[in-house]
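Trainee: Can we go through this one together? I'd like to start with the rings and then move on to the strands.

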Amino acid sequence: QVQLVESGGGLVQTGGSLRLSCAASGRAFSSYVMGWFRQAPGKERDFVAAISWKGSNTDYADSVKGRFTISRDNAKMTVYLQMNSLKPEDTAVYYCAADRSTGLPRNGYQYDYWGQGTQVTVSS
């Protein structure tokens, strides 16, 4: 069982930066693949990024590649999402999720545990 709590969201202007954190509690955090997803009002939940349990492999949605960076600190049981060059279309609730399987899944249904989300708003 893993509990996830996101933080770091807020209001930022276009071109600005934010760093989201996802603190985990429970067992075996370091054995979980971690992912970030986002959901804008009236839209489906979209994959943003994922990171392997060691942090050696990552995957990004095309829309954020080159602007966002996912990382993790297993000793602190925390995964991060550094978001740079933010755009209004990045506005959404951002969720972190944990997956016990292998690979870097982009399908949210493959993830076993979810946080409550943190709001990111980018003003134009």
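This is a predicted model: local features need pLDDT of at least 70, side-chain atom pairs count only at pLDDT 80 or more; totals for chains, interfaces and linings use all residues.

Trainee: Where do Phe37 and Tyr111 lie?

Mentor: Phe37 is in strand β4, residues 33-39, while Tyr111 is in the loop between β9 (92-99) and β10 (113-114), so the pair ties together parts that are 74 residues apart in sequence.

Trainee: Is Phe37 buried or exposed? And Tyr111, buried or exposed?

Mentor: Phe37 is buried, at 1% relative accessible area. Tyr111 is buried as well, with 5%.

Trainee: Which residues make up the cluster linked by ring pairs?

Mentor: Phe37, Phe47, Tyr111 and Trp114 are joined into a cluster by ring pairs.

Trainee: What lies over the face of Phe37?

Mentor: Arg45 does, 5.9 Å from the ring centre. The charged end of Arg45 also sits over the ring of Tyr109, at 5.7 Å from its centre.

Trainee: Switching topic. How many disulfides does the structure hold?

Mentor: It holds 1 disulfide. The partners are Cys22 and Cys96, with their sulfur atoms 1.9 Å apart.

Trainee: What's the handedness of the link between Cys22 and Cys96?

Mentor: The link is right-handed, with 45° about the S-S bond. Cys22 belongs to strand β3 (residues 18-26) and Cys96 to strand β9, so this pair ties together parts that are 74 residues apart in sequence.

Trainee: Are those cysteines buried or exposed?

Mentor: Cys22 counts as buried at 0% relative accessibility. Cys96 is also buried, its relative accessible area being 0%.

Trainee: And β9 itself, how many of its residues are buried?

Mentor: 6 of the 8 residues in β9 are buried, so to speak of the strand as a whole, it is mostly covered.

Trainee: Which strands does β9 pair with?

Mentor: One partner is β4, antiparallel over 7 bridges. In that pairing Met34 stands opposite Ala98 in β9. Another is β11, residues 118-123, which is joined to β9 by 3 bridges and runs antiparallel to it. There, Tyr94 has Thr118 of β11 as its bridge partner.

Trainee: What about β10, how many bridges there?

Mentor: β9 and β10 pair over 2 bridges, again in the antiparallel sense. Ala98 stands opposite Tyr113 in β10, and Ala98 is also the residue that Met34 stands opposite.

Trainee: Last one. Where is Ser52 found?

Mentor: Ser52 is in the loop between β5 (45-51) and β6 (58-60).

Trainee: A loop residue, then. Is Ser52 buried or exposed?

Mentor: Ser52 counts as buried, at 9% relative accessibility. The cut-off for buried is under 20%.

Trainee: Which residues is Ser52 in contact with?

Mentor: Leaving aside neighbours within four places in sequence, Ser52 is in contact with Val33, Asn57, Arg72 and Leu104.

Key: Residues are numbered from 1 along each chain as its sequence is written. Side-chain values use heavy atoms; hydrogens and water are left out. Helices (H or I, at least four residues) and strands (E, at least two) are DSSP runs, numbered from the N terminus. Buried means under 20% relative accessible area, exposed over 50%, partly exposed in between (1.4 Å probe, protein chains only). Rings of Phe, Tyr and Trp (its six-membered ring) pair if their centres lie within 6.5 Å; planes under 30 degrees apart count as stacked, over 60 as edge-to-face and the rest as tilted. A charge sits over a ring if NZ of Lys or CZ of Arg is within 6 Å of the ring centre and within 35 degrees of the ring normal. A disulfide is a pair of cysteine sulfur atoms within 2.5 Å. Two strands pair if DSSP finds at least two bridges between them. Contact means heavy atoms within 4.5 Å.
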